[in-house]
Amino acid sequence: MAFKFLSSAFIQFLRRRGVSIAAVSSIVSVLAAAGCGQLAQKERELTFRVEPGTASWYSGMPEDIIEEKLPVQVDGKTQHVNTWWWPSSNPKAPAVLYLHGARWNLTGQLFRIEQLHAFGFSVLAIDYRGFGKSDGDLPSEKTVYEDAQVAWQHLTDLQPDPEKRFIYGHSLGGAVAIDLAASLHGKHSKKTGVSSLPAAHGLIVESSFTSLVDIARSLTYPWLPLQLLLSQKFDSVNKISRVDLPVLIVHGSDDRYVPSRFSEKLYEAAPGKKRLLLVEGGTHNNSMRLGASQYRKAFKELFGWAPQPA
């Protein structure tokens, strides 16, 4: 996992020297107010923990995947996001945007992409800038949101029917997926009048969390004012309340990186049609495989779609 970005060793160092809770809190606040560039850089490095190169278990791309690059405009310059498009053999199949989590690029994601394709989806998967073959250096919360929106616009060209468009996010990618879903046509955009992205039919979030602050608190001290220190928020629990889509939230009961209670909180905050799928014995990475039959049942009940083999 990529969430151990706040050094508990540093905090313990202060406490062992008799620094009070109030004093530690003040130090954290001062660091936040100073806007320490090095701290923010390290936070991003440890949040995304990008592994360069090809995942050791990657055995090659299926021959019917189409690899291409999407342009992203950045300060008047063009960067590119690398994508895999794996169309279903069924021309009427729904399409899903796959948003991965921290650490591994697309070569480390193929097993889940294959499962979604086996469910009957056409799959568009992307590497955020800073991952894999995409341009850019170190990702940030802002850039991964931008990349997801560019990819979503592309998916709407590949699948024009909004009733057949879905968003899927795993782990940190679940936070990206929730941010994207909150930006689509729905309650929030109607209320604010702000233009939004083309609509979707459903959101699928697996092995994710409420916010990065909550994850950090679970690993350190709950009394620390981490909301002042952390520049990367990924505040999914507030954003999901603005999602006007059916939402499927999935978590493994044996996830030792992100406890399933975080998905339960996301489920509680989701306002509309929703389903919480807790996969017994599932870990952070295998819940889709172990819970395949439950996934299929949830698709039918929540989205009104019975998956067929690709």
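**Lysine 239**

I start with lysine 239, which I find in helix α10, residues 236-239. The model is a predicted one, and I keep that in mind throughout. Is lysine 239 buried or exposed? I read a relative accessibility of 13% for lysine 239. Buried means under 20%, so lysine 239 counts as buried.

Next I list what lysine 239 touches, leaving aside neighbours within four places in sequence. The contacts of lysine 239 are Glu141, Tyr145, Ile178, Asp179 and Ala182.

**Helices α5 and α6**

Two of those partners take me to the next pair of helices. I note that α5 covers residues 141-158, and α6 covers residues 172-182. How do their axes run? The axes of α5 and α6 come within 10 Å and cross at roughly 60°. Α roughly perpendicular pair would need 65 to 115 degrees, so I write down α5 and α6 as oblique to each other. The crossing of α5 past α6 is right-handed.

Which residues make the contact? From α5 I list Val144, Tyr145, Ala148, Gln149 and Trp152. From α6 I list Ala175, Val176, Asp179 and Leu180. By class, this contact of α5 with α6 divides into 7 nonpolar residues, 1 polar and 1 charged. Tyr145 and Asp179 belong to this contact, and both also touch lysine 239.

I then look at phenylalanine 234 itself. I place phenylalanine 234 in the loop between α9 (226-229) and α10. Phenylalanine 234 has 0% relative accessibility, so I count it as buried. Its phi is near 45°, a positive value in a residue other than glycine.

**Serine 207**

I go on to another residue with a positive phi. Serine 207 is not a glycine, yet its phi is positive, about 55°. Where does serine 207 sit? I find serine 207 in the loop between β6 (202-206) and α8 (212-219). Its relative accessible area is 0%, so serine 207 is buried.

**Threonine 47**

I turn to threonine 47 in helix α3, residues 37-48. What lies 2.7 Å from a polar atom of its side chain? I find the backbone oxygen of glutamate 43 there.

I also check threonine 47 against glutamine 232. They are 185 residues apart in sequence. C-alpha to C-alpha, threonine 47 and glutamine 232 are 8.2 Å apart in space.

**Helix α4**

I look up how much of α4 is covered. In α4, residues 110-119, I count 7 of 10 residues as buried, so the helix is mostly covered. The buried residues are Leu110, Arg112, Ile113, Gln115, Leu116, His117 and Phe119.

What do the buried residues of α4 pack against? I list four strands: β2 (77-86), β3 (95-99), β4 (122-126) and β5 (165-170). I also list the helices α12 (287-290) and α13. Glycine 120 follows α4 and has a positive phi, near 120°.

**Helices α4 and α13**

I take α13, residues 292-303, for a closer look. Α4 and α13 pack at an angle of about 50°, with axes 11 Å apart. That angle makes α4 oblique to α13. Their crossing is right-handed.

On the α4 side, the contact has Gln115, Ala118 and Phe119. On the α13 side are Ala292, Tyr295, Arg296 and Phe299. I sort the contact of α4 with α13 into 5 nonpolar, 1 polar and 1 charged residues.

**The whole chain**

I finish with totals. The chain has 13 helices and 8 strands. I note that 50% of its 310 residues count as buried. Among contacts between residues at least 6 apart in sequence, 75% join residues at least 24 apart.

Key. Residues numbered from 1 in each chain as written. Predicted model: local features only at pLDDT ≥ 70, side-chain atom pairs only at ≥ 80, totals over all residues. Heavy atoms only, no water. Helix = DSSP H or I, 4+ residues; strand = E, 2+ residues; numbered from the N terminus. Polar contact = N/O pair within 3.5 Å; in protein donor to acceptor, adjacent residues only side chain to side chain. Axes fitted to C-alpha atoms, helices over the stretch in contact; angles between N-to-C directions. Parallel < 35°, antiparallel > 145°, perpendicular 65-115°, else oblique. Left-handed = near helix turned anticlockwise from the far one by under 90°. Contact = heavy atoms within 4.5 Å. Nonpolar A, V, L, I, M, F, W, Y, C, P; charged D, E, K, R; others polar. Buried < 20%, exposed > 50% of the residue type's maximum accessible area, 1.4 Å probe, protein only.
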